Amino acid sequence: MGGVLVTLVASLSMVVAGVALPDLSQSAAAADAAGCSLYATSFTTQSLADGGADVRAGCASDSGNYRSLANSDDDVVAAIDFDVSQYPDAVHEKMAQEVTDAHADQAKGYALSEFFDQQAHAVTVGYYTPAADGTTYDGTIQVVGDSLVIVVPAAELGATGFWSGFWKKLVTGLAVAAITVLGTAACLTLLPTAPIVTPICAALVGGLAGGVSEIISAALDKKPIDAEVWGAALGTAIWGAALGAAGGTLVTYATETGAALMTGAQETLKRLAIRFVNWANPLNYVASVLNGDALAAMLARLRGLQAGASGGQIIADPSYINPAGDPSTWNTLIGSPSDKVGIAVANVLNGPGSEPVAAWTDVIDRTHASGKRVLGYVDTGYLGQTGLTTRLGSTAVADWVAQIEEDINAWYAMYGSSVDGIFFDDGFNACGAGNEFPAVYEAVNQYEKVHHPGAMTVLNPGTVVPRCYEDSADILLTFEGSYDTYENGGYQALDWTPADPRKIWHIIFGVPADKVSLVDATSRTRGAGYVYVTDDVLTNPYDTLPSYWSAEEAAVPGGTSAVAAREPDVAGAALPSAPSGLTVTRSDYSSASLSWTAGANATAHLVYVNGQLAASLPASMTQVTIGGLTPGGSSYTLYVVAQGAGGDISGPSNSVGVTTLTLPGGQTVTNVRITRGAGTITYSADFLVPYSFHRVEISPPGPGDDQLYWWPNGNTESCWFPGLTAQQLEDHGNFCAHWLIENSTLLVYAGTSVGDWTWNAVAYIPPTVNGYTYSWTVPTADLGDAVDYVDVQGEGYGPLTNVIAGTNPVG
C-alpha cells in the first residue's frame, strides 16, 4: 500500500506540474507536420505471458507486415496484441465480436471513433467529463492472428489542428478496446455458465472500461484523481447497468472477479505507458489509481446498494441506559416502530450481573413484547489476546469461553425468554493459525443457538474482520467510531462480501443533527443492514438516545432481521470416548481450575458442576477455570464428557470434588490501603471474588475546609453519595465522592444534582493486579486537594460491597 501511494503521489505531482506530459500545446502546424509519427511507437513485438495486451501504433510505412492492410504510408496503423494463453477461446471470441460490433455501427453511419466512444460510455461512471473536441475518424478494424488491427486512412487525418486530438482519442480508444476484450474474456471464463453471467460481465467490464476512459481524460487534463471516490462512482455505475438483469448476484460475482479485472486493466495501462513514452506519466498515474482502495470502494458501494435493495436497513440500538435513572428514554425506545428499530442491547453491569434488577426486568420484558429483539451484553475480552483478563484474572482462551458461557446462562436465568439473543462485545478480529479464533466464536455462537433456538447473535470487533469470521455470528459490527472518522477519512471497508447483505452493523457517534440522513445513506452504500447514529459522544455515547431520534427513525428505510439456525449434527460421525484423568489443579473462594486428557473423536468437551452444564469447550481445550461457585465452604462435584460431531455424548470422566474457601469475616473486599509517595497516591484493596467494577471513591476535604464539595453552590452539587448501609452510615456518616477510579479510569464528578451519575474522565490509570490485590497509583496533581478517605466498592457478579477506609474529614 505504501509503495502504491508513493508512486501515485509522485505521478500526480508530475501530471499536475505538466512534466513530460504529451505536448498538446505545441503549434498545430508542428503537430500536423509530424502527422502519423507524432506519438508513434515501435512496431517491434514484445513477449506476452501475463494474460495482458500490448499496443503498437504509428505510420503504415513503419508497420511491417501490417503495411499491406493500408493504402498509404501515411495511414495510421494500430495493433492490439493479446496474450491468449489464459483464455484462448474467450479472447478470440471477444475479438471477433469487437469487429462485428464495429462493422455494425459503421453500417449505421457511425465512424470508427464513434464506435470506440460509445464503447467507452456504454456504462457512464460520471466521475469526470472532458470537454468535447469534435475529433472523429473512420477506418477499418479486423482480427489478424492474436491481434486486433486498426487502420485509419490518411484522408481521415488531414484537417489543420487535428493530430493532437486524434492521438488523445486513439490512445484512449485502444485502452478501452483492450480492457473490453481481456476483461470480458476473463469474466466469462471465471464465472459459472449461466444466463445471468453475460449481462453481469457486460456491466462490470463496461463500467471499468468507461471509468478508465474518464480518468485517462482527467489525467491528460492535469486533474488529480481520488481512487476511493472513483471506485465508489464505478460501483454505482455498475449497479445501475446490471441491476435489471443481475440483482444481488452482481455483488458476489464482482467480488470474485473484481481483483482480476482491475489488475488486468492496470497492466494494460502500464504497457501502454511503455509504448507511448510521451504519455508515460499520465498512463502510469491512471494505472496507479486502479489499486486496492479503488477496488474496495467499488465493492463497498455495490454491497451497500445491494443491502438497500434486498433487505432494507433497521436501527440496532446499544441501549446502555439505566432504566431506573432514565425510564422515559426507555419508553421512547420501546414505543418506536419495530420495523425501524429492531434491536436493543441490554447491559446491566458490563453483562447480566449477579442478580435480577427489577427495572431491567421491566424494560427487557416490554421491549421484547413490542416486537424488538433484546440482546444481552457479554464481554469476550478479545479472547485474552490483547492482555485483557477474565474476572478471575486469566487470559487463557478456554477461561474466556467458560466466562462467556457463564454470562449467557445468567442472562436467561435472570431475565428468561424475553432475552432474544446475545451481543458479544470486544471481539477479536484475527484468523489465527487454522482460523482458531473465529472457530472459538463459532463455538460460543453454536452454544447460544443450541440452548436457545431462534436466538440472534452479534459479534462486535468494532472494526473490519477477514472473511474467516463470516459464520461467527448472525451480525458483525464492523465500524464503531466517530462521525469524523466515518465521513472524513479513516473508514475501512470489508474486502469481502457477506452472503447475507444484512449482516453488517455500523455505529457512528458524534453526528451533527444536519448530517443524520447523510450518514445513514453512507452506511447503506457501505453495506450496513443495521445502523445506529447518535450525537452523543465518548466516554459513553450509548447512555441516552440521540436528540434527533425521530429524524433517525425517518432516515432508515426499515426492514427485517435475519437469524441463522444452529449448525446441524453430522450423520454417521464416530462416537466419542470419555475423557480421563480429571484433576483439580487449584480452587479458591469462587472458582476451580481443572485439567484432563481428551477423549477420542471429540469435537467438544462439556464440563458439569453438580450435574449442570457449566461450560462447552472446543475439543482442543483440556483445561479450564470454572467460576460462579459460592464461597464459604460450599461443596461441588465436577466431571467432563466428550461430544462428537454427530451430537453423541460419551460417558463421564472420573468425578472430582471441590470445596470453596471461606471469606474472612464474610467480606469480599478486604485490606484497603492508602499509601502516599513522592507526588503519587496508591490505593490498594483485595477483591476476593470476581467483580465487573472495581472502584475507589475518593473524598475531598470536609465542609469546614471547603463547603463547595459538601453543600449546594448555586445549581452545582459536587458530590456523589454512594448507597451505604445503615450500619455504615452510623459508623462513618455520609460519604462524599468527588473523584472516582473505575476499573482503569480516573474520573471527576460532574453531576448537577443529588443522584446524578455524571463523571468526566481525567486520566487512564490501569491497576496493577497481583492475585486478589488491585493497586492504582495516581499522580497527586490529578487529585487536587483529595484527602486520605475512600470508599472501595465492588459491583457486578459479586455482591455489592462498600468498604470505608481512612480518616473522615468531617470527623
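Tutor: Cys187 is buried, with a relative accessibility of 0%. This is a predicted model, so each value here is computed from predicted coordinates. The partner of Cys187 is Cys201, and the two form a disulfide with sulfur atoms 2.1 Å apart. Cys201 has 1% relative accessibility and is therefore buried. The cut-off for buried is under 20% relative accessible area.

The torsion about the S-S bond is -85° for Cys187 and Cys201, and the link is left-handed.

Cys431 and Cys468 form a disulfide, and their sulfur atoms lie 2.1 Å apart. The S-S torsion of Cys431 and Cys468 is about -90°, so this disulfide is left-handed. The pair links distant parts of the chain, 37 residues apart. Cys431 sits in the loop between β8 (421-425) and α14 (436-451). Cys468 sits in the loop between β9 (456-459) and β10 (475-482).

Cys431 has a relative accessible area of 21% and is partly exposed. Cys468 has 17% relative accessibility, so Cys468 counts as buried. The cut-off of 20% explains the two labels: buried means under 20%, and partly exposed runs from there to the exposed limit of 50%.

Burial can also be read for a whole helix. In helix α9 (residues 280-289), 9 of the 10 residues are buried, so α9 is largely enclosed by the rest of the structure. The buried residues of α9 include Ala280, Pro282, Leu283, Tyr285 and Val289. Asn281 and Ser288 are buried in α9 as well.

For a helix pair, look at α3 and α4. The axes of α3 (residues 88-107) and α4 (residues 112-120) come within 9 Å and cross at roughly 120°. α3 and α4 are therefore oblique to each other. The crossing of α3 past α4 is right-handed. On the α3 side, the contact has Glu98, Asp101, Ala102, Asp105 and Gln106. On the α4 side are Leu112, Phe115, Phe116, Gln118 and Gln119. The residues of this contact divide into 4 nonpolar, 3 polar and 3 charged.

Notes
Residues are numbered from 1 along each chain as its sequence is written. This is a predicted model: local features need pLDDT of at least 70, side-chain atom pairs count only at pLDDT 80 or more; totals for chains, interfaces and linings use all residues. Side-chain values use heavy atoms; hydrogens and water are left out. Axes are lines fitted to C-alpha atoms, for helices over the stretch in contact, and angles run from 0 to 180 degrees between N-to-C directions. Helices (H or I, at least four residues) and strands (E, at least two) are DSSP runs, numbered from the N terminus. Angles under 35 degrees count as roughly parallel, over 145 as roughly antiparallel, 65 to 115 as roughly perpendicular and the rest as oblique. A crossing is left-handed if the near helix is turned anticlockwise from the far one by less than a right angle, and right-handed if clockwise. Contact means heavy atoms within 4.5 Å. Ala, Val, Leu, Ile, Met, Phe, Trp, Tyr, Cys and Pro count as nonpolar, Asp, Glu, Lys and Arg as charged, and the others, Gly among them, as polar. Buried means under 20% relative accessible area, exposed over 50%, partly exposed in between (1.4 Å probe, protein chains only). A disulfide is a pair of cysteine sulfur atoms within 2.5 Å.
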